[in-house]
Amino acid sequence: MDNVEPRVGHPTKLVMSLGRILVIFSAINVEVNMVVFDPAILSRVTKPARYTGNEVNSIKKDHSQVDVTVALALPDVYEVGMSNLGLKIIYQILNNRPDTAAERVYTPWVDMEAEMRSYNIPLHTLESKTPVCNFDIFGFSLQYEMIYTNVLNMLDLAGIPLIACDRNENHPLVIAGGPSVFNPEPVADFFDCFVIGEGEEVIEEVVEVVAGWKKSNKEGGRQGLLKRLAGLNGIYVPSLYQVTYNDDGSVAKVSPTCPEASPAVTKRVIKDLNEVEFATKPVMPYLDIVHDRMMLELFRGCTRGCRFCQAGVIYRPVRERRPEKLLELTQQLVDNTGYNEISLTSLSSADYSHLSEVVTSLITRFKSQGVSVSLPSLRIDSFSIDLAEKVQQVRKSGLTFAPEAGTQRMRDVINKGVTEQDLENAVGAAFKSGWSTVKLYFMIGLPTETDEDIEGIAKLAYKVLDLYKAVKGRRGAKVTVSVSSFVPKAHTSFQWFGQNSTAEIERKQRLLKEKLRDRSISFSYHDARTSFLEGVFSRGDRRLSQVLLAAWQNGAKFDGWSEHFKFDIWMEAFKNTGLDPHFYTNRERSQSEVLPWEHISCGVDKAFLMREYDNAVAATDTVDCRREACSACGVCPGLGVEVLDWGVK
Amino acid sequence: MARLRIEITKGEEIRYISHLDYARAIERSIRRAKLPAAYSEGFNPHMKLAFASALGVGVVSDSEYADIELKEDMNLQEVISSLKSKLPQGVVLKRGKYIPSESTALMAVVNLAVYNIIVPLLNGAECTDVQQGALLFNRAEEVIYIRESPKGRREINVREFVKEVKISQADGMITLEFSTQITPKGTVKPSEVLAALVNNFSLPADRDNALINRIGLYVIDQKGVRLTPLELS
């Protein structure tokens, strides 16, 4: 067994005065390290239950009885990490395997991090409290760019070398999946490999490769393992690729350095969601987490074709679960969790072919068990209002709509596919049904945007107020206008667009603020500097790993949390590494330029994205292929999959 | 309609969860066990589940009590065994029985809590300092603890709620045992009693590392007879 060999983070190094490490020797002389926090530490930190585990449905296995151990991480605080559906699915799939133990670990909040650093307590998992450095695999889910420094912080707290090539065969294999890995380059130096696309099947293949490599007595060392992994479809091993640059700083070429690495890595995709495991037995948090309810995924993918949306490209094509499968999954969720609310989570749940039928069945079948239904995203049409009324029979809390842009021209540019009339009908129906609070989501900084489009946002907000007066005969509506700054993302048709500068975004925010001076309207917007940085890492290249490292060394962490965001540290890091952030964000890229993520494929053709960019500039619409004509994005023939929709096409 | 009273524990495994977290965990267990729980009417139906007394973060308990209202009668053994199988780690269902539906709410009848605190002795402290601390506390007419909360500062006379503190000591650990009265005026938290002993009477205890355990909740009548909420009626 490999477990008996000494590993990094040997217990003798970990003995400390206040945070205790228990060293237990089991009968077969396999050492098990268990980190125990002293009561004093747990009483000092906020929300100590973030660190103590023992939740219902959490799974503890004897590590000496499995072949592979996996620490699954989301590099954010417990309440955020525990809300991620993808990790819940992976946790269940891995723990269903008798040869694998999967455990959870999240980023300690800053107070706990300070305690851990001052008493030398290593990062450890919630289930067995084993130091992460003793696991075979340390897997991260990367949901957004602003948590990259937390990855470095967690590796450091675990005592694992931050740079992948500094690790040896006794260190965990550090891997990542999730939407952000569709451009993995900015974090390429820190990860041994990336899992591109849907993880249900490939994660088991990764475990099998690791198990086989361990049984072979770690043949070929760490390099041997990486080459074996590179042979799997959907696995990208960045160290097996060389990137060369042009004089102007753009990428010249990304080429594999060994035969095991293929020139392009294509995402993994599940053909039929009815056939794969779903998170029916999620770990039940004690704390109130961000999404503290059952999550039911109706379908994956969205082909509405909004041109700014990365999820709408990388999760193609649409694949629905069958209605009867959904009811079966719900019953299991209800039985296993005891939650009293179920949320239908998909990119646009209202597009599910049998939504009305499923919602009605859910309400009638589970009402007696005290379960209510919630819909997180609403389309702007009256059908959605009928549905909202069905699910919220008594409470008239706020309704959220996303027109995304203030003028019809702008909505046509982004292919939003809704008209002002749609919004009027939907909001009017909502007011008639008794709602009075409406939240409207918009973006600013979109391609071809003019000040008229910004003013259009304000006009729309006032129109909603007037509509309430027209319907109800009095004032009394509350409108929240929430405006985010557009960040162009890799793999979208706006991937070549030069992001608005921070100054330009701030000017547009001021312009809008001046126009929204009504007490019934509240206005919220994002920090332009955060969006700027997000833009750098969304479309950045490999060289940015140095910037991340420098920023982390100077104290950057939890950058997505406004109270911890330190812009100056970042600017300093760019300066010290000689990299210009504006090169990555504000520069309009030529369509002939090699993009840093071009060797990562989500199956959608570049030619389709180019056509869509032209359509955007011409404000021409592209229909949804789910129930209408195919626009030849290339994903179905490319990946050997097809649209699964149970409605009439 | 039937009203079930249960006695449950809060164990080491879940020491650091809050009272709200604990209550929510029990509520979810009841739903997993598919007990026919009753819900309140209104916009936001709540399960009719009521606890005797809130337990703080970091405090475990040998005896917590909760009343659950059921929509229909169900065999007691069946209720108990279904609920037992669905409770989280660290919660043990010790006893349960049906009580008359007109019984006074647990919160209103429980008036005494008994605690046990195990706390490390400070390095170099003398055995006599420990005994002296307890002796002085027990003799004092008034022991003032200043409770600071977001609402402001408030002086509390700990002696109003705690009659006597028993103290013993072995292997570098101090064990304290005392009861706190729960009155209409309020009560005192066990951590506050310990703080008063350390601050006002120089008890040489490493109070940050104290482990607090509630060992019982009682209803004490005018004659001083102590009954558990399950022995009432």
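Predicted model: local features only at pLDDT ≥ 70, side-chain atom pairs only at ≥ 80, totals over all residues.
Two residues are taken to be in contact if their C-beta atoms, placed from the backbone, lie within 7 Å.

Select G603(A), which sits in the loop between β21 (600-601) and α21 (606-617) of chain A. Leaving aside neighbours within four places in sequence, show the residues in contact with G603(A), namely T266(A), K267(A), R316(A), G634(A), V635(A), G638(A) and L639(A). G603(A) counts as buried because 22 other C-beta atoms lie within 10 Å, the cut-off for a buried residue being 20 or more. Q369(A), for orientation, is 234 residues from G603(A) in sequence and 43 Å from it in space, C-alpha to C-alpha.

Next, colour chain A by its domain assignment, with domain 1 covering 2-266 and domain 2 covering 293-543 + 579-639; their C-alpha centres lie 32 Å apart. Across the boundary, 26 residues of domain 1 of chain A are in contact with 28 residues of domain 2 of chain A. On the domain 1 side, the elements giving two or more residues are β9 (241-245), β10 (251-256) and β11 (265-266) of chain A, and β10(A) supplies the largest share, 4 residues. The residues of that side divide into 18 nonpolar, 5 polar and 3 charged.

Finally, move to helix α5 (residues 110-118) of chain A, whose buried residues are M112(A), E113(A), E115(A) and M116(A). Viewed down the axis of α5(A), these buried residues fall within an arc of 160°, so they line one face of the helix. Their cover includes α2 (39-44) and α6 (148-158) of chain A, while R117(A) and S118(A) are exposed on the other side of α5(A).

How values were computed: Residues numbered from 1 in each chain as written. Chains lettered and ligands numbered in written order. Buried ≥ 20, exposed ≤ 12 C-beta atoms within 10 Å, placed from the backbone. Arc of directions from axis to C-beta. Domains from an automatic or database assignment. Nonpolar A, V, L, I, M, F, W, Y, C, P; charged D, E, K, R; others polar.
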